[in-house]
Amino acid sequence: MSRERLYSPKVIKQLLKAFDFSFSKGLGQNFLIDGNVVRSISEGAEISKDDYVLEVGPGFGTLTEELLMNAKKVVSVEIDERLNQVLMQTLSGFDNFVLVNADILKADLKRLVEEQFNNHSFKVVANLPYYITTPIIELFLKSDLPVESLTVMVQKEVGDRILAEPGNKTYGSLTVFTQYYADASLVTRAPKSVFMPQPKVDSVVVKLDMKKELPQVNEKVFFKLMRGAFTKRRKNILNSLTTDTSLAINKEEMKAILESLNLSTNLRAEDLSYTDYLNIAKLVEKKHKVD
Ligand code: SAM
């Protein structure tokens, strides 16, 4: 008879007891206890036997177990060394698992990818620790590592910001920032009851498929414009794009740019689509050589 899977709350409770383990709130330790969610993360990430997977924070190995059953190799980066002995037991049956003890934000990922994946492209899959969700997403989006996609569980509020449409109040710099690097889609929503211990908020799983090629635009101009626009969301776009961006462009010039794109100067940052920001950045770049 096959043994019970790690997502069983009974198994998690047994492990807590056997290893005298207490969850660290500070490390965002909310472990998954729901088989459907675990499966939908792996399915959403489209993991197959050809795939190399980098997981952030394996915890007791609940999601890792599912990934190991489907992937070629899984390398999990975990900061909490108390989990080493637990994982040694829970994932002992797999020969395609490697545990790396490190802080994901400080780890030498270039070297890891070279040593563990032979520089092959890989997928990032994780139930992210909530206190550093955005820095981790930014790290992988901006890195020049061969990342194919990120499939990550994040708190609902962050997921809503990533997936927001223009005009929505959750639409903001994170939405546009993400779109610059990736195509975002919703995998599934999950209530707080699928975690132990239960967090205060519900979660969503989003998939970010990395774009094969970055947009043809001066990155500095694009990000300066975008950040400036969202710094004071209530200002109209003409004001925020000229006073808050530190780009040497005056109101007259920006007005002409907006008009040439059929964008009213009275719009606010949240009304402009990702493509609008791209188009504005291209025209600003044309007018001024920005270094
Ligand atoms: N994957 C497990 C699951 O779904 O049951 C645990 C997910 S839990 C939300 C987040 C995990 O990330 C914890 O195991 C925590 O110790 C780990 N973690 C927190 N901060 C980290 C960091 N800076 N680098 C690597 N892992 C971290």
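Predicted model: local features only at pLDDT ≥ 70, side-chain atom pairs only at ≥ 80, totals over all residues.
Analyst: The domain assignment places domain 1 at 9-210 and domain 2 at 219-290 of the protein chain.

User: How do I read the contact, and how many residues does it take from domain 1 and domain 2?

Analyst: Start with who takes part on each side. Here twelve residues come from domain 1, and domain 2 supplies 13 residues.

User: What is the area buried between domain 1 and domain 2?

Analyst: Look at the total, then at the atoms behind it. The two domains bury about 1,100 Å² between them, with carbon and sulfur atoms giving 64% of that area. On the side of domain 1, Y171, V176 and Y180 lose the most area to domain 2, and together they make up 48% of what that side buries.

User: Which residue classes make up the side of domain 1 that touches domain 2?

Analyst: That side has six nonpolar residues, five polar ones and one charged. For pairings across the interface, the salt-bridge count between the domains is zero, while five residue pairs are in polar contact, both residues at pLDDT 80 or more.

User: Now the ligand. Which residues are the closest to it?

Analyst: The ligand is surrounded by 24 residues, and the closest are L32, G57, E78, N127 and Y131. Next, check the backbone atoms. L32 has a backbone N or O atom 2.9 Å from an oxygen atom of the ligand. For G57, a backbone N or O atom is 2.8 Å from a ligand nitrogen atom, and for I79 the distance from such a backbone atom to a nitrogen atom of the ligand is 3.4 Å.

User: How much of the ligand's area does the protein bury?

Analyst: Compare with the ligand on its own: taken alone it exposes 590 Å², and the protein buries 99% of that.

How values were computed:
Residues numbered from 1 in each chain as written. Heavy atoms only, no water. Domains from an automatic or database assignment. Contact = heavy atoms within 4.5 Å. Buried area = accessible area lost by both parts, 1.4 Å probe. Salt bridge = Lys/Arg side-chain N within 4 Å of Asp/Glu carboxyl O. Polar contact = N/O pair within 3.5 Å; in protein donor to acceptor, adjacent residues only side chain to side chain. Nonpolar A, V, L, I, M, F, W, Y, C, P; charged D, E, K, R; others polar. Near = heavy atom within 4 Å. Areas by Shrake-Rupley, 256 points an atom, 1.4 Å probe, with all protein chains shown as cover.
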